[in-house]
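This briefing goes through one protein model by topic, for a reader who has the coordinates open.

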Amino acid sequence: MAASEFGDRLVQVAYALIALKEGSTTFLAAVLAAQTIPILVLTPLVSSRNWIRSRTAWRAGLIGQVAAFVVAATLAHSTVVVLTCVLVASSCEALTMPFSRSLLHALSDGRQAELAKAWGVTKAGAGAAGMVLAGVVVSLSGAGLAFVLNALTFLLVMVVAWSPQIPEADAKSNRRAMAGFGYLRAPAAFGVAGLFCLVIMLLTTSLEGVSGPFMLARTPGYDIRGLGTVMACWAVASMITAAVVPKRITSIRAFLPLSNVLVAVALGLPSLGVPFWFATATFALGGIGNGIFNLLLSRIIWSGVPADGQAHAWAAFNWILNASLFLSFAVGFILRPGHAPVLLAAASGVCLVAGGLYLATLVRAPKTVRVIA
């Protein structure tokens with residue numbers, strides 16, 4: 001799964017290269033639509049049919065993803081073919097992502113704290129490595145090689161998928177299409193206030209991904225050569241945080257809203273016009289908050305959702321994540337780049353309020369609620 005995270009970063013750069021060759025941002029917008037819309041549409045269907053708990057459906061989805069990126073690598077010069085392959089791969093992700101995350105829970109033998117930390121470090125490290133090496137791979141060999149490498153990472157997951165250790169869950173009974181949201185909303189997981197905090201955090205960080213560079217471009221002392229450095233501070237700080245945060249921190253629920261507060265401050269200060277290089281420190285602060293958030297997110301779902309609801313909870317989370325991405329890009333498409341500071345200032349304010357309200361709720365709650373079992 002870490003290798004798959006690495007491959008995902010490679011193809012994101014490949015899409016950017018194709019867009020540059022086309023001389024238009026339309027292709028990137030089409031890629032975003034092809035990546036998010038199938039998940040938004042198909043997740044209720046595959047959840048209601050319980051296919052996200054089926055080992056057979058997981059294997060079928062992996063085969064579809066491998067085939068999609070092999071075809072994309074062969075015909076990387078055709079934007080229509082690449083977009084079709086992205087559509088197919090994203091449709092398969094509606095099956096594969098929930099099962100794979102629930103599989104980690106099934107194989108963890110009840111050690112959710114260790115699992116959350118191990119996955120946080122591995123995922124962040126693989127993503128960072130993919131971002132670092134993506135430019136080299138794509139610049140030397142073009143988009144085709146990135147698609148090949150991504151297909152190979154899915155092949156690696158397929159080797160695991162056919163292992164006799166992979167359990168086959170009882171996937172015969174149907175569920176409500178939105179059952180996963182109920183699991184996330186349950187007091188043992190996020191609760192209503194915590195789920196609101198989660199949604200706002202995903203929306204805020206999605207908006208940062210779209211509008212962050214435009215906001216930084218309007219700060220005093222802006223230096224285009226340092227833009228990559230400032231943006232990289234977020235990813236690097238997130239990876240280091242996942243590695244160094246003590247395991248006991250992931251059992252304290254209050255760190256979830258505190259991560260919202262950190263991200264709100266990290267994005268709010270640059271939107272107010274602080275010097276460009278000061279934004280480096282604030283983006284590092286945002287990376288720390290994001291790293292803590294990712295650790296708490298995984299720990300809460302793996303610890304607070306019963307085994308038979310794991311796949312549904314992760315499917316619901318994946319739906320929220322992709323809805324946030326789609327909405328952020330839609331807003332970014334509608335608004336002019338000059339509005340980026342105001343947009344992120346508003347998003348930071350909402351993120352700060354959401355974190356503060358949830359934190360205040362937890363302060364008054366009994367200890368059994370404040371601590372993750």
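**Helices and burial**

Helix 11 is largely enclosed by the rest of the structure, because 20 of its 27 residues are buried. The model is predicted, and side-chain atom pairs count only at pLDDT 80 or more. Three salt bridges turn up in a search of the whole structure, and one cavity reaches 30 Å³ or more.

**Helix geometry**

- Helix 11 covers residues 278-304, and its first and last C-alpha atoms are 39 Å apart, close to the 39 Å expected at 1.5 Å a residue.
- Helix 5 runs over residues 112-141 and has 30 residues, so at 1.5 Å a residue it should span 44 Å; the 41 Å between its end C-alpha atoms agrees with that.
- At Leu-133, helix 5 bends by about 40°.

**Salt bridges around Glu-5**

- Side chains of opposite charge can pair when their charged atoms come close.
- Glu-5 and Arg-9 form a salt bridge through their side chains, with an N to O distance of 3.8 Å.
- Both residues of the Arg-9 and Glu-5 pair belong to helix 1 (residues 2-22), where they are four residues apart, or about one turn of the helix.
- A salt bridge also joins the side chains of Glu-5 and Lys-123, at 3.9 Å from N to O.
- This pair links distant parts of the chain, since Lys-123 is in helix 5 and Glu-5 is in helix 1, 118 residues apart.
- Together, Glu-5, Arg-9 and Lys-123 make up a network of salt bridges.
- Glu-5 counts as buried because its relative accessibility is 12%, under the 20% cut-off.
- Arg-9 has a relative accessibility of 26% and therefore counts as partly exposed.
- Lys-123 counts as partly exposed, with a relative accessibility of 26%.

**The salt bridge between Lys-247 and Glu-114**

- The closest N and O atoms of Lys-247 and Glu-114 are 3.3 Å apart, and the two residues form a salt bridge.
- Lys-247 sits in the loop between helix 9 (227-244) and helix 10 (255-271), while Glu-114 is in helix 5, so this pair ties together parts that are 133 residues apart in sequence.
- Lys-247 is partly exposed, at 40% relative accessibility.
- Glu-114 is also partly exposed, and its relative accessible area is 36%.

**The largest cavity**

- The largest cavity holds about 40 Å³ of space.
- Its lining consists of Thr-43, Ser-47, Ala-177, Met-178, Ala-179, Gly-180, Phe-181, His-312, Ala-315 and Ala-316.
- At least two lining residues of the largest cavity come from each of helix 2 (26-48), helix 7 (179-185) and helix 12 (310-334).
- By class, six residues of this lining are nonpolar, four are polar and none is charged.

**The second largest pocket**

- The volume of the second largest pocket is about 240 Å³.
- It is lined by 14 residues, of which Met-1, Ala-2, Leu-103, Leu-104 and Val-160 are the closest to its centre.
- Helix 4 (79-107), helix 5 and helix 6 (143-161) each contribute at least two residues to the lining of the second largest pocket.
- That lining has 12 nonpolar residues, two polar residues and no charged residues.

**Individual residues and distances**

- Trp-319 is located in helix 12 and counts as partly exposed at 25% relative accessibility.
- The C-alpha atoms of Trp-319 and Thr-43 are 6.9 Å apart in space, although 276 residues separate the two in sequence.
- Thr-43 is one of the residues that line the largest cavity.
- Ala-34 is found in helix 2 and is buried, with a relative accessibility of 7%.
- Between the C-alpha atoms of Ala-34 and Gly-226 the distance is 32 Å, and the two residues are 192 residues apart along the chain.

Terms used: Residues are numbered from 1 along each chain as its sequence is written. This is a predicted model: local features need pLDDT of at least 70, side-chain atom pairs count only at pLDDT 80 or more; totals for chains, interfaces and linings use all residues. Side-chain values use heavy atoms; hydrogens and water are left out. The expected span of a helix is 1.5 Å times one less than its number of residues. The bend at a residue is the angle between axes fitted to the seven residues ending there and the seven starting there. On a 1 Å grid over the protein atoms alone, a cavity is a set of points where a 1.4 Å probe fits but cannot get out, and a pocket is an open set with protein on both sides within 12 Å along at least five of seven lines; lining residues have an atom within 4 Å of a point. Grid points are joined across faces, edges and corners, and a volume is the space filled by probe spheres set on the points. Ala, Val, Leu, Ile, Met, Phe, Trp, Tyr, Cys and Pro count as nonpolar, Asp, Glu, Lys and Arg as charged, and the others, Gly among them, as polar. A salt bridge is a side-chain nitrogen of Lys or Arg within 4 Å of a carboxyl oxygen of Asp or Glu. Buried means under 20% relative accessible area, exposed over 50%, partly exposed in between (1.4 Å probe, protein chains only).
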